[in-house]
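Please keep the sequence and the model in view while working through the numbered points.

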Amino acid sequence: MIKKIKIENEKDLHRFYKKLSIYRSLFYKNITFILEKDTYNVKDIITALNIKNRKKRLTYIFDTACCQIDDYYNVKNLCGFKNSQCCLHRKANKKYINGCCRWCLYQSSKGCTTKNLSCKLFTCSEIEKRCKKINFEDINILKLLTKRQRAITKSNYFTKRESFINDLYIGSFVIWEIKQVFRFIIIFININVLKKSFK
């Protein structure tokens, strides 16, 4: 079956967003959504709704959101890196390299070796002075996430892409928090090993 989505004004858009929790449910598993006109930039949401496999839909949402953030900051040199140092650490005369990512297991001399939505959404106070930040609420496709998935997305730092998507798929705070404790223990151990190697 086909369901046509017609959004001609703000009222239609608000009604559409309110129905998203129903549209992503099992009731619409065999429904194909067709958008008549993309006046309000919801094409990505429609594409996601037409992906009926839950894991594949979450992967599409994750990757699309990451791409939108990258596109927004692409020409802005967000962190102002020079010689692997961000503008904040240069300003404070710190010797740190790789900015906020210095604690992450997935950092490299060429940047991040994975993709993390929480990290991409994070900006320090110095960056917010340099340019207008993109907020969670600015990314339409994230409206497809449940409340639990949104909470996880806002603070799932230093996590590999595949693990992040699994966290969203499972959607359990308890399991996510246990995994977070183990991740930060590994990060803590890694930091101490690095400190000893520099002594």
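Predicted model: local features only at pLDDT ≥ 70, side-chain atom pairs only at ≥ 80, totals over all residues.

1. Aspartate 70 forms a salt bridge with lysine 120, and the closest N and O atoms of the two are 2.8 Å apart. This pair links distant parts of the chain, because aspartate 70 belongs to helix α4 and lysine 120 to helix α6, 50 residues apart.

2. Lysine 115 is partly exposed, with a relative accessible area of 23%. Aspartate 63, at 18% relative accessibility, counts as buried.

3. Another salt bridge is formed by the side chains of glutamate 8 and lysine 6, at 3.6 Å from N to O. Glutamate 8 and lysine 6 are exposed. The structure holds 11 salt bridges. As a general point, side chains of opposite charge can pair when their charged atoms come close.

4. The overall charge count also deserves a remark. The protein chain carries 42 positive and 16 negative side chains. The centres of these two sets lie 7 Å apart.

5. A salt bridge requires the nitrogen and oxygen atoms to be within 4 Å. Arginine 102 lies in the loop between α5 and α6. With neighbours within four places in sequence left aside, arginine 102 is in contact with His89, Tyr96, Ile97 and Gln107.

6. The C-alpha trace spans about 65 × 35 × 25 Å along its principal axes. Among contacts between residues at least 6 apart in sequence, 65% join residues at least 24 apart.

7. Of the 199 residues in the protein chain, 36% count as buried. The chain exposes about 12800 Å², and carbon and sulfur atoms supply 57% of that area.

8. The largest nonpolar core has 40 residues, and those touching the most other members are Ile5, Phe16, Leu49, Leu117, Ile139, Leu142 and Leu144. Elements that give two or more residues to this core include α1 (10–18), α3 (43–49) and α9 (161–170). Which element supplies the largest share of this core? The largest share, seven residues, comes from α4. Leucine 142 touches Ile61, Ala65, Leu117, Phe136 and Arg150, not counting residues up to four places away in sequence. In soluble globular proteins, nonpolar side chains tend to be buried together.

9. Tyrosine 60 is placed in helix α4, which covers residues 54–73. At 22% relative accessibility, tyrosine 60 counts as partly exposed, because the limit for a buried residue is under 20%. Apart from neighbours within four places in sequence, tyrosine 60 is in contact with Asp44, Thr47, Ala48, Ile51 and Ile141. The C-alpha atoms of tyrosine 60 and glycine 99 are separated by 28 Å, and the two residues are 39 residues apart along the chain.

10. Most residues other than glycine have a negative phi. Asparagine 41, however, has a positive phi near 55°; it is in the loop between β2 and α3 and is exposed, with a relative accessible area of 53%. Asparagine 83 has a positive phi of about 50° although it is not a glycine. Asparagine 83 is found in the loop between α4 and α5, and its relative accessible area of 75% makes it exposed.

Terms used
Residues numbered from 1 in each chain as written. Heavy atoms only, no water. Helix = DSSP H or I, 4+ residues; strand = E, 2+ residues; numbered from the N terminus. Buried < 20%, exposed > 50% of the residue type's maximum accessible area, 1.4 Å probe, protein only. Contact = heavy atoms within 4.5 Å. Core = buried A, V, L, I, M, F, W, Y, C linked by side-chain atoms within 4.5 Å. Areas by Shrake-Rupley, 256 points an atom, 1.4 Å probe, with all protein chains shown as cover. Lys, Arg positive; Asp, Glu negative; His and termini not counted. Charge placed at Lys NZ, Arg CZ, Asp CG, Glu CD.
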